[in-house]
Amino acid sequence: MRIVTLLLLLLLASACVSVDPETGKEIPRGGQRYEFATVERRAEKLRDGMTKYEALIMLGSPAETSDDGNVWVYLPERPAVLVPSRALRLVFEEGRLKKHGYRAIIFGTRL
């Protein structure tokens, strides 16, 4: 029973959202520059073959990157623990956007 209670508390704590105390707006996760709604709108203009610089100017910095910097992930402000959600994933090859798209966020899996 204690383990179940502890796991439930950890799950609820991970669902907390950071909010800017001055504006009351949710703060993007990680190093992500813009709110996810803004990223989604701007992502409509993404085209394969774009440079990393062009993607960065368009979408701002991502929430997460791979160790080699060739995979960028943009995340919604709310973790997908209690509410289903999706993330935008960009894959670069030789400095150019090779593919991009949305993936469901599934607890415990890498994007």
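**The sheet and what packs on it**

Reply: In this predicted model, four strands make up an open sheet in the order 1-2-3-4, with antiparallel pairing. Strand 1 (64-65) and strand 4 are the edge strands, each pairing on one side only.

Me: What is the order of the elements of the protein chain from the N terminus on?

Reply: The secondary structure of the protein chain comes to three helices and four strands. From the N terminus on, the order of these elements is α-α-α-β-β-β-β.

Me: How many bridges join strand 2 to strand 3?

Reply: Strand 2 and strand 3 run antiparallel. In this part of the sheet, V73 stands opposite R89 in strand 3. The number of bridges joining strand 2 to strand 3 is four.

Me: At about what angle to strand 3 does helix 2 run, and at about what angle does helix 3 run?

Reply: Helix 2 lies across strand 2, strand 3 and strand 4, and its angle to strand 3 is about 50 degrees. Helix 3 (residues 52-59) lies across strand 2 and strand 3. Its angle to strand 3 is about 155 degrees.

Me: Within what arc do the buried residues of helix 2 fall, seen down the axis of the helix?

Reply: The buried residues of helix 2 are F36, T38, V39 and A43. Seen down the axis, these residues line one face of helix 2, because they fall within an arc of 155 degrees.

Me: How many residues apart in sequence are the parts tied together by the pair of F36 and Y102?

Reply: A search of the whole structure finds two aromatic pairs. One of them is F36 with Y102, an edge-to-face pair with 6.5 Å centre to centre and 90 degrees between the planes. F36 belongs to helix 2 (residues 36-43) and Y102 to strand 4 (residues 96-104), so the pair ties together parts that are 66 residues apart in sequence.

Me: Is Y102 buried or partly exposed?

Reply: F36 has a relative accessibility of 5% and counts as buried. For Y102 the relative accessible area is 33%. Buried means under 20%, and exposed means over 50%. Because its value lies in between, Y102 is partly exposed.

Me: Which strands are tied together by the pair of W72 and F92?

Reply: W72 and F92 form a tilted aromatic pair, with 4.6 Å centre to centre and 55 degrees between the planes. W72 lies in strand 2 (residues 71-74) and F92 in strand 3 (residues 86-93), so this pair ties together parts 20 residues apart in sequence, namely strand 2 and strand 3.

Me: How far is R86 from the ring centre of Y102?

Reply: The ring of Y102 pairs with that of F36. R86 lies over the face of Y102, and its distance from the ring centre is 3.7 Å.

Me: Over the ring of which residue does the charged end of R42 sit?

Reply: The charged end of R42 is 4.3 Å from the centre of the ring concerned. That ring belongs to Y34.

Conventions
Residues are numbered from 1 along each chain as its sequence is written. This is a predicted model: local features need pLDDT of at least 70, side-chain atom pairs count only at pLDDT 80 or more; totals for chains, interfaces and linings use all residues. Side-chain values use heavy atoms; hydrogens and water are left out. Rings of Phe, Tyr and Trp (its six-membered ring) pair if their centres lie within 6.5 Å; planes under 30 degrees apart count as stacked, over 60 as edge-to-face and the rest as tilted. Helices (H or I, at least four residues) and strands (E, at least two) are DSSP runs, numbered from the N terminus. Buried means under 20% relative accessible area, exposed over 50%, partly exposed in between (1.4 Å probe, protein chains only). A charge sits over a ring if NZ of Lys or CZ of Arg is within 6 Å of the ring centre and within 35 degrees of the ring normal. Two strands pair if DSSP finds at least two bridges between them. Contact means heavy atoms within 4.5 Å. Axes are lines fitted to C-alpha atoms, for helices over the stretch in contact, and angles run from 0 to 180 degrees between N-to-C directions. The arc is that of the directions from the helix axis to the C-beta atoms.
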